[in-house]
Amino acid sequence: MSGEVGARMAKIVLFGATGYTGRLTAAALKARGAQTVLAARNKATLAALADELGGAETAVADVSDPASVRALLSRGDVLISTVGPFLRYGQPALDAALDAGAHYLDSTGEGPFIRGVFDRDEQARDAGVGLLSAFGFDFVPGNLAAGLALDNAPDAVRAEVCYGVVNPGTSGGTQASIAGMLFEGGFALRDGHLRPANLGARVRNFEIDGKSRTAASLPGSEHLTLVRSYPQLRDVDVYMSAAPNAARGLQFGARLTGLAGKVGVLKKAGNAVVSRAVRGSTGGPSPEQRARASSWVVAEAVDAGGNVVATSTLSGVDPYDFTAAMLAWGADTTLAGGLRTTGALGPVEAFGLPELTAGAAEAGLKQA
């Protein structure tokens with residue numbers, strides 16, 4: 001599909017434009033020359049952002065009024081949603097895109113929400129649209145690194161992916177997203193099937209630049225996406241690097257919250273406490289802090305005998321800058337007809353490995 005639908009030009013809509021990630025994404029879209037409708041719930045704040053960017057179309061929409069979100073879209077449009085935490089606020093944008101026949105990208109890192117997007121794969125195919133969830137630092141780099149490794153390892157049956165950030169800063173939205181997952185069930189690909197797996201269920205070390213890095217497992221999009229491009233895979237694990245004590249603490253704490261999450265009244269009470277304690281819209285790292293941060297991801301392809309037969313390492317910029325640039329690239333490429341297929345898609349399946357490699361490099365993530 002090109003950017004033209006009948007006599008109407010399809011458009012990119014950025015929902016959540018005035019939030020921390022939304023503002024960065026709006027600037028990245030502007031830098032690409034992409035004409036974008038900026039959407040959020042506060043008209044005055046939207047107008048100020050549009051002025052900062054040198055002018056842009058704006059529209060008011062709020063997740064508490066799903067009809068206002070649906071009104072943003074027409075068939076063939078591309079919707080970027082940065083409205084999180086996604087388990088709490090993400091559903092209206094996804095529903096609106098599917099109902100309108102619009103392509104959809106989001107910035108979530110919340111495994112349970114990502115899984116919910118993939119549950120709507122058939123609906124997306126019927127609508128002729130692509131759903132690209134977690135299309136930022138969570139979890140494009142791991143998909144790309146794993147794809148590069150697996151392309152050189154046709155006998156691999158397992159993929160192991162680890163993310164790391166140097167000098168990280170954290171936005172209020174990220175903190176709220178992490179907190180919102182505490183009482184939700186995680187998952188991992190085991191023997192070719194998605195199985196329940198607590199956050200931090202596995203802890204292991206990775207060798208990065210000659211140093212041993214401790215990492216704890218988490219539910220990422222790779223569990224859902226990689227097997228679709230590499231059907232020989234039986235197992236996938238995704239990790240985030242952390243200090244050894246933090247990794248073990250996450251493992252222990254997740255066991256407790258996982259048990260509590262299985263009891264309705266405890267889950268409800270826990271989520272209520274978390275939502276009061278952790279507010280999403282509280283800003284994030286400054287430009288100076290982001291300039292000091294960097295990121296890396298390593299992927300290992302493992303054969304049936306447990307041998308690492310291929311590896312791939314990528315290094316890049318601050319995760320927030322990467323997320324904004326990647327969302328802008330993905331939306332712009334989708335609008336131009338760059339999707340290879342429709343449905344709920346992983347990054348490799350959506351664009352192909354060479355194109356994704358080039359797009360990620362443009363966003364600041366390159367092979368080390």
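User: Which helix and strand each supply at least two residues of the lining of the second largest pocket?
Analyst: Helix 1 (20-32) and strand 4 (36-40) do. Helices (H or I, at least four residues) and strands (E, at least two) are DSSP runs, numbered from the N terminus. This is a predicted model: local features need pLDDT of at least 70, side-chain atom pairs need 80 or more, and totals for chains, interfaces and linings use all residues. Residues count from 1 along each chain as its sequence is written, and side-chain values use heavy atoms, with hydrogens and water left out.

User: Which residues lie nearest the centre of that second largest pocket?
Analyst: A34, Q35, T36, G55 and A56, out of 14 lining residues. On a 1 Å grid over the protein atoms alone, a pocket is an open set of points where a 1.4 Å probe fits, with protein on both sides within 12 Å along at least five of seven lines; lining residues have an atom within 4 Å of a point.

User: New topic. How many aromatic pairs are there in the whole structure?
Analyst: The search finds 7. In one, the rings of F137 and Y163 have centres 5.4 Å apart and planes at 75°, so they are edge-to-face. Rings of Phe, Tyr and Trp (its six-membered ring) pair if their centres lie within 6.5 Å; planes under 30 degrees apart are stacked, over 60 edge-to-face, the rest tilted.

User: Is F137 buried or exposed? And Y163?
Analyst: F137 is buried, at 5% relative accessible area. Y163 is buried too, at 0%. Buried means under 20%, exposed over 50%, and partly exposed in between (1.4 Å probe, protein chains only).

User: What lies over the face of F206?
Analyst: R204, at 3.6 Å from the ring centre. A charge sits over a ring if NZ of Lys or CZ of Arg is within 6 Å of the ring centre and within 35 degrees of the ring normal.

User: How many salt bridges does the search find?
Analyst: It finds 17. R32 and E362 form one of them, at 2.4 Å, N to O. R32 is in helix 1 and E362 in helix 16 (residues 353-362), so the pair ties together parts 330 residues apart in sequence. A salt bridge is a side-chain nitrogen of Lys or Arg within 4 Å of a carboxyl oxygen of Asp or Glu.

User: Which residues are linked in a network of salt bridges?
Analyst: D121, R125, R228 and E349. Within it, R125 and E349 have their closest N and O atoms 3.9 Å apart.
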